[in-house]
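Please look over the sequence and the structure below before reading on. The report then takes up a few places in the chain, one after another.

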Amino acid sequence: MRLLYRHSPWRTLFTGGALPDPASLSPLLAPLADALGRLGPTPSLAAARAWQCDLVDALTRLDLPAWRISQMISDHDQGLYRQAIAMSLDEMQASGWGPPPRPFCVLVLGSVARHESLLAPDQDNAMIIADYPDALHTQIDGYFQAFGERFTDRLASAGLPLCQGHVMARFPMWRKRLCEWDAQLAIWSAERRVKRVQQTNILLDFAPVYGDETLAIALRDRALNRLKRAGGFLDEMASLLAETPVALDRLGRLHGDDKEAPQHGALNLKRQGLMPLASAVRLLCVLHGCRSVDTRLRLTELVSAGALQCEEALTLHTAMSRLQALLLTTQHRRLGAGGLADNWIVLDELNEDERTLLRLDLKAIRRLMGRARAGAGGSSR
C-alpha cells in the first residue's frame with residue numbers, strides 16, 4: 001500500500017512555529033488563505049482553537065478527504081499544545097521557578113496522537129521525566145506538577161477541556177520518571193485486570209509533542225518488549241474488545257447500544273465504530289511488535305508483518321475514512337448551526353446508500369476484532 005499522506009505537504013502547515021502566510025499560498029488554495037487571513041498571524045490559543053471549524057470548512061471546499069482533514073486538525077491541536085507548553089515554561093521562568101530541572105517529554109494520547117482527531121476532543125496527555133535520584137523527588141516532581149497544571153489549565157481555557165478521567169500530566173499517574181513508567185507497565189501487565197488493561201491501552205497511543213523525544217522512544221521500546229511477553233494480559237486486552245462492540249446487532253443490522261443516546265435511532269460512531277477499529281489494530285500491533293501510532297500506519301505495518309492481507313487493510317482504510325467523513329460532516333454541521341460537536345449520528349438522517357456502506361464498514365471492523373481476539377488467545381497459550 002502506498003502511503004501518500006505520510007509525506008504530504010499538507011502535513012507541514014502547522015508543524016512550524018508560525019502559521020502559514022496567506023500571501024504565500026497558491027491562488028488555488030484561496031479558501032485556506034481566506035481562513036488564515038480571518039484568523040490573523042498571532043491569534044490567542046482560544047481564537048486558534050475556535051478557528052478549527054473555519055479550517056474544516058476551507059479544507060472541505062478544497063475537496064480534501066475527511067481523513068486528511070482529521071490529520072490536519074490533529075496537527076493543529078498538537079501546535080496548540082506546543083504553544084501552551086512554551087508559554088507555561090516562560091511563565092514559570094519569569095515567576096522564579098527557573099528552567100526544567102531535568103529533561104522531559106510531554107506526550108499527547110488518544111486520537112490527537114493517532115492523528116485522527118475530529119472537532120470534539122478533550123485533553124489526554126502524559127509526561128516522561130528523565131531519571132533522577134529518589135532524594136530529589138519532592139523538588140523535581142514539584143516543578144513538573146506545577147508545569148503540568150499550568151499547561152493543562154491553559155489548554156482548557158482555550159477550549160480543549162480537561163479530561164474527566166484525569167488522564168493528564170498534572171496527575172502523578174500520568175507524570176513519571178522513565179524508570180517509573182517501566183515499573184508501572186510491569187505492574188499493569190502482571191495481572192488480568194480490566195482497569196490495568198484500560199490504562200495500558202490509553203498509554204500505548206502516545207506521541208511526543210514537546211521535549212526530549214528520546215524519552216518517548218525509550219518508553220515505546222520498553223512497553224513493546226514487556227507486553228509481548230504478557231500472554232494473560234494480552235488475552236484480557238482481547239476480552240475487553242468484546243465489551244465495546246460495533247453498532248450492529250446479531251443479524252448485522254445497524255443498532256446502537258443506547259447508552260446516553262440523545263434520541264431514538266442515534267448511535268455513537270466513535271464508541272461503536274472508530275474506537276473498536278483502533279483498539280483491534282492496537283492489539284494486533286502489540287502482538288506483532290509494530291511501532292506506529294496512527295491507525296492507518298499500523299495497518300500498513302501489519303501488512304508488512306504478514307498479520308493482514310493487503311486487501312483486508314485497504315478495506316479497513318476505506319471503512320475508517322467513511323466513518324471519519326460521516327462523523328466530521330455531522331460535527332461540522334452542528335457547530336455551524338450553533339450546537340455542540342459530539343460523536344452521535346442519527347440513522348434517520350442517513351440515506352439508504354449511506355446505511356448500506358455503514359453496515360459493510362462495521363462488519364469489516366467486527367471481523368478484524370475477531371481476528372485480534374483469536375491472535376491474542378494464541379499468544380496466551
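## Two histidines in loops

Histidine 166 lies in the loop between α6 and β3, where helices (H or I, at least four residues) and strands (E, at least two) are DSSP runs, numbered from the N terminus. Although histidine 166 is not a glycine, its phi is positive, at about 65°. With 46% relative accessibility, histidine 166 counts as partly exposed; here buried means under 20% relative accessible area, exposed means over 50%, and partly exposed lies in between (1.4 Å probe, protein chains only).

Histidine 115 is found in another loop, the one between α5 (110-113) and β2. Its phi is near 60°, which is again a positive value in a residue other than glycine, but histidine 115 is buried, with a relative accessible area of 15%.

## How the model is read

This is a predicted model, in which local features need pLDDT of at least 70 and side-chain atom pairs count only at pLDDT 80 or more, while totals for chains, interfaces and linings use all residues. Residues are numbered from 1 along each chain as its sequence is written, and side-chain values use heavy atoms, with hydrogens and water left out.

## Helix α6

Helix α6 covers residues 137-158, and its 22 residues should span 32 Å at 1.5 Å a residue, which agrees with the 31 Å between its end C-alpha atoms; the expected span is 1.5 Å times one less than the number of residues. After α6 comes glycine 159, whose phi is positive, near 115°.

Which residues of α6 are buried? They are Ile140, Asp141, Tyr143, Phe144, Ala146, Phe147, Gly148, Phe151, Thr152, Leu155 and Ala158. An α-helix has 3.6 residues a turn, so residues three or four places apart point the same way. The buried residues of α6 pack against α2 (45-50), α4 (66-94), β1 (104-109), β2 and β3 (175-177).

## Aspartate 141

Aspartate 141, found in helix α6, counts as buried at 12% relative accessibility. Leaving aside neighbours within four places in sequence, aspartate 141 is in contact (heavy atoms within 4.5 Å) with Ile129, Tyr132 and Arg175.

## Alanine 126

Alanine 126 lies in strand β2, which runs over residues 125-129, and this alanine is buried, with a relative accessible area of 0%. When neighbours within four places in sequence are left aside, alanine 126 is in contact with Cys105, Val106, Leu107, Leu109, Ala169, Trp174 and Trp181. Glycine 338 is 212 residues from alanine 126 along the chain, and the C-alpha atoms of the two are separated by 32 Å.
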